[in-house]
Amino acid sequence: MILNTLTIGLLIIASFFCLASNAQEQPKDSVLLDFHPYGSFRAHMAYYDDELELQENVSRIGFQIGVTNKKGLRFFVGAELAMNLFKGPVQFNTDGNTNSGFLAIQNSQNRQVFSTRLGYVGIDFKKYGTIQMGKQWSVYYDITQFTDKFNVFGGQGSATYVGNSDGGGSGTGRANQSVTYRLHWHNWFLGLQGQFDSTSNNYLVDGYGISLQYELLDGLKIGSAINKKHLSRSIRENTLGLDGNPLYWSLGASFENSHWNLGFVYAYQENGDYADTVIENELIIGIYDAIGLELFTKFKQPRYSLIAGFNTYQPKISNVKFQSDLKHNYIILGGEYKPFRFGFVYLEYRISNATDEFGVSDFNVLTAGLRLDLETKGSKFLKFPKLSQEL
């Protein structure tokens, strides 16, 4: 099913490449068809635990297609698929997970050749905002994306990709079955989100979120987001450590100009993440609260970039007994060399001081990889006689 859908999508994209992209006044009784196909292809060698391994690094292809009438109303559809190019592991990039759900993990796609990252439809009202429906980046991620910019590591201190997932079920990452409204007004950026992914929890809205950003200066933003997820009563009463519905809150700032890209995120979550524990020789999951902090810095030059940052994620465990103190702490150092505009070589080194729920220490990891980014945008006026009156 996925392969058939992909084939159809690629044929559509390929056909759009054949359209001329002309800047001209819109003819009468016509619509403006715009298209944006893209792909990002990534792989690296990873050295850790005295071993060397070739790994995937979240390659993906996608497109967005839109149709705009003379009044400026635009309908659009978009999709993005993860690509497992050579069946290698995606071990260190949290963004590479296509598992979804919360507590009940949905992981049937995770190691397929192609798996869904995004899929949505929407309508753009220009100055009145945009409504979008489907699997999409959450309004919570509007803030946590400030630091989720490393080539390999990161994303573990912001409570975005919780529970070994893509944040789809929790509504914090690529939110499942969600409806969003985003508005840009002067220096303000507003995001609203509702999730409608369950009919068994006695809630009309299964989750909701809001984000608000303000641009203080050109390139300098501050913002905050909150996200609440509703779980069924049976899950709340029968899950170890879960004493309420999950709640996520983030605060962040970002700055970007021609030479610098800086980001800072502070996150706090209640009942929003979990790990394995053993009780009476039975492996079960335990819920915990946590606070997290992420920092991203990048110094940019035409041919190279230098990268540094850190992630920390400290669980606040009160009513769950894990086998060890669970924590994520690591520093990230790296660089990029860009011989031409579409591709670059990267190095990233993670210096870790982390342990999992069973007391196993995390690795220091050195990665060296290649990344190729391709995209194009085009538009063409098309006339549909049968539709012209409707539009």
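A salt bridge, the contact we will look for at our opening stop, is a side-chain nitrogen of Lys or Arg within 4 Å of a carboxyl oxygen of Asp or Glu. Before selecting anything, note that this is a predicted model, in which local features need pLDDT of at least 70, side-chain atom pairs count only at pLDDT 80 or more, and totals for chains, interfaces and linings use all residues. Residues are numbered from 1 along each chain as its sequence is written, and side-chain values use heavy atoms, with hydrogens and water left out.

**Stop 1: Asp95 and its partners**

Select Asp95 and Arg117. They form a salt bridge whose closest N and O atoms are 3.2 Å apart. This pair links distant parts of the chain, 22 residues apart: Asp95 is in the loop between β4 (74-83) and β5 (114-124), while Arg117 is in strand β5. Strand and helix names on this tour refer to DSSP runs numbered from the N terminus, with helices being H or I of at least four residues and strands being E of at least two.

Are Asp95 and Arg117 buried or exposed? Both are buried, a word that stands for under 20% relative accessible area, with exposed meaning over 50% and partly exposed in between (1.4 Å probe, protein chains only). For Asp95 the relative accessibility is 10%.

Arg174 has a relative accessible area of 0%, so it is buried.

Across the whole structure, a search finds 15 salt bridges.

**Stop 2**

Next, colour β9, residues 207-217. β8 and β9 run antiparallel, and 8 bridges join them.

**Stop 3**

Select Gln91, Thr94, Gln156, Asn164 and His328. Among the 42 residues lining the second largest pocket, these lie nearest its centre. About 1100 Å³ of space lies in this pocket. The elements giving two or more residues to its lining are β12 (260-279), β13 (282-300) and β15. The largest share, 4 residues, comes from β12.

A pocket here is found on a 1 Å grid over the protein atoms alone, as an open set of points where a 1.4 Å probe fits, with protein on both sides within 12 Å along at least five of seven lines; lining residues have an atom within 4 Å of a point. Its volume is the space filled by probe spheres set on the points, which are joined across faces, edges and corners.

While β12 is on screen, pick Val265, which lies in this strand. Val265 counts as buried because its relative accessibility is 0%.

**Stop 4: a nonpolar surface patch**

Select Met45, Tyr47, Leu52, Leu54, Leu85, Phe86, Ile331, Leu333, Leu347, Tyr349, Ile351 and Leu366. Together they make a nonpolar surface patch of about 1000 Å². Such a patch joins nonpolar side chains (Val, Leu, Ile, Met, Phe, Trp, Tyr) within 5 Å, from residues with over 30% relative accessible area and no salt bridge. Accessible areas come from the Shrake-Rupley method with a 1.4 Å probe.

At least two patch residues come from each of β1 (31-48), β2 (51-56), β15 (328-340) and β16 (343-352). β16 gives the most, with 3 residues. Leu366 lies in strand β17, residues 365-375, and counts as partly exposed because its relative accessibility is 38%.

**Stop 5: Arg350 and Asp362**

Finish with Arg350 and Asp362, which form a salt bridge with closest N and O atoms 3.0 Å apart. Arg350 lies in strand β16 and Asp362 in the loop between β16 and β17, so the pair ties together parts 12 residues apart in sequence. Arg350 is buried, at 4% relative accessible area, whereas Asp362 is partly exposed, at 30%.

Definitions and conventions
Two strands pair if DSSP finds at least two bridges between them. Patches are made of residues with over 30% relative accessible area and no salt bridge: like charges are joined within 9 Å, nonpolar side chains (Val, Leu, Ile, Met, Phe, Trp, Tyr) within 5 Å.
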